[in-house]
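Have the sequence and the 3D view open side by side.

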Amino acid sequence: MSFFKKIFSSEKKETLDKGLEKSKTNFFNKLSKAVAGKSKVDDEVLDNLEEILVTSDVGVNTTLKIIERIEARVQQDKYLGTDELNKILREEIAGLLSETNSGEETEYTIPKLPASADGAKTPYVLMVVGVNGVGKTTTIGKLAYQFKKQGLHVVLGAADTFRAAAIDQLQVWADRVDVPMVKQAMGSDPASVAFDAVQSGVKQQADVIIIDTAGRLHNKVNLMNELTKVKRVMQKVVPDAPHDVLLVLDGSTGQNAFEQAKQFTAATEVTSLAVTKLDGTAKGGVVIGISDQFQIPVKYIGVGEGIEDLQVFNKYEFVDSFFK
């Protein structure tokens with residue numbers, strides 16, 4: 001379809017292609033076996049495709065939606081050739097992602113917020129959530145780098161106070177990117193750190209304030225109370241904060257990422273997703289499934305370890321690279 005036009009720069013696209021290589025190869029190896037000796041899309045091909053999508057971590061519910069859409073196309077064209085299946089997959093999955101407003105962006109941007117009553121700049125407050133080990137701190141560091149590269153003034157808040165390593169790791173990123181970070185001692189009240197960070201950001205006339213939070217999932221009620229408290233104290237400084245609650249998920253965990261998404265969306269209002277570590281796995285289909293199942297837009301994907309390898313998620317480029 002015409003919407004699969006070149007959007008990313010060749011360098012950025014090459015990074016995306018490379019990052020999704022394992023997922024793409026795994027998918028096409030299975031698909032080529034499924035259509036071997038077949039000239040048209042029939043019930044057997046569709047059954048095989050359903051199994052391939054499920055085993056590629058797209059998820060059962062999302063897979064059934066995709067199959068239904070392709071079945072509708074087959075009904076329209078009784079002699080749909082297997083050589084057209086790849087093109088149809090790209091179109092239908094891009095259409096599915098469109099329904100969650102996923103992947104419309106091409107660059108790192110933040111919305112322009114109205115000034116406060118006294119005319120002061122309103123910073124964009126981003127609260128980042130996710131379990132330990134998913135790449136949350138790295139994602140924050142890379143986001144800070146990208147926003148700073150856009151000429152924005154960024155402030156970090158180390159509100160994951162339950163692990164000394166979390167504060168130290170974030171400090172390493174703050175030093176590397178050369179942005180200020182607000183922190184307190186390990187064991188401090190996370191809400192107190194968040195309050196200080198937002199207050200400091202306002203004083204510094206920051207454009208973006210990124211708040212790290214604890215990655216524990218031991219108890220949903222405690223997690224909910226903690227995140228609610230963090231939000232409430234930030235709103236004492238910036239009434240609409242946080243403007244975005246970004247859930248970071250490890251794409252390499254496949255179906256486990258669905259479970260994490262379920263836990264966090266039950267504990268707090270998640271407004272966007274970042275899916276990391278896609279370069280080291282064949283489970284890239286999880287991006288499609290999670291976005292569809294939770295109806296939450298994917299904003300960023302991690303396709304490598306480099307500082308530039310956290311990319312803004314663009315559905316057309318993603319689907320093009322995955323199914324190319």
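A residue is buried under 20% relative accessible area, exposed over 50% and partly exposed in between, using a 1.4 Å probe and protein chains only. Glu50 has 28% relative accessibility, so Glu50 counts as partly exposed. The model is predicted: local features need pLDDT of at least 70, side-chain atom pairs count only at pLDDT 80 or more, and totals for chains, interfaces and linings use all residues. Residues are numbered from 1 along each chain as its sequence is written, and side-chain values use heavy atoms, with hydrogens and water left out.

Glu50 lies in helix 3 (residues 43-55). Helices here are DSSP runs (H or I, at least four residues), numbered from the N terminus. Set aside the neighbours of Glu50 within four places in sequence, and Glu50 is in contact with Thr63, Leu64 and Ile67. Contact means heavy atoms within 4.5 Å. Now look at Ile110, 60 residues apart from Glu50 along the chain. Their C-alpha atoms are separated by 38 Å.

Next come the helix pairs. Two packed helices are described by the angle between their axes and the distance between the axes. Axes are lines fitted to C-alpha atoms over the stretch in contact, and angles run from 0 to 180 degrees between N-to-C directions.

Take helix 4 (residues 60-76) and helix 5 (residues 85-98). They pack at about 125 degrees, with axes 10 Å apart. That angle makes helix 4 oblique to helix 5. Angles under 35 degrees count as roughly parallel, over 145 as roughly antiparallel, 65 to 115 as roughly perpendicular and the rest as oblique. Helix 4 contributes Thr62, Lys65, Ile66, Arg69, Ile70 and Arg73 to the contact. Among the residues they meet in helix 5 are Leu85, Ile88, Glu91 and Glu92. By class, this contact of helix 4 with helix 5 has seven nonpolar, two polar and five charged residues.

Helix 1 (residues 10-19) packs against helix 12 (residues 315-322) at about 50 degrees, with axes 9 Å apart. That makes helix 1 oblique to helix 12. Lys13, Leu16 and Asp17 of helix 1 make the contact with Glu317, Phe318, Asp320 and Ser321 of helix 12.

Finish at helix 10 (residues 255-267). Its 13 residues reach 19 Å from first C-alpha to last, close to the 18 Å expected at 1.5 Å a residue. The expected span is 1.5 Å times one less than the number of residues. Which residues are buried in helix 10? They are Ala257, Phe258, Gln260, Ala261, Phe264 and Ala267.

Conventions:
Helices (H or I, at least four residues) and strands (E, at least two) are DSSP runs, numbered from the N terminus. Ala, Val, Leu, Ile, Met, Phe, Trp, Tyr, Cys and Pro count as nonpolar, Asp, Glu, Lys and Arg as charged, and the others, Gly among them, as polar.
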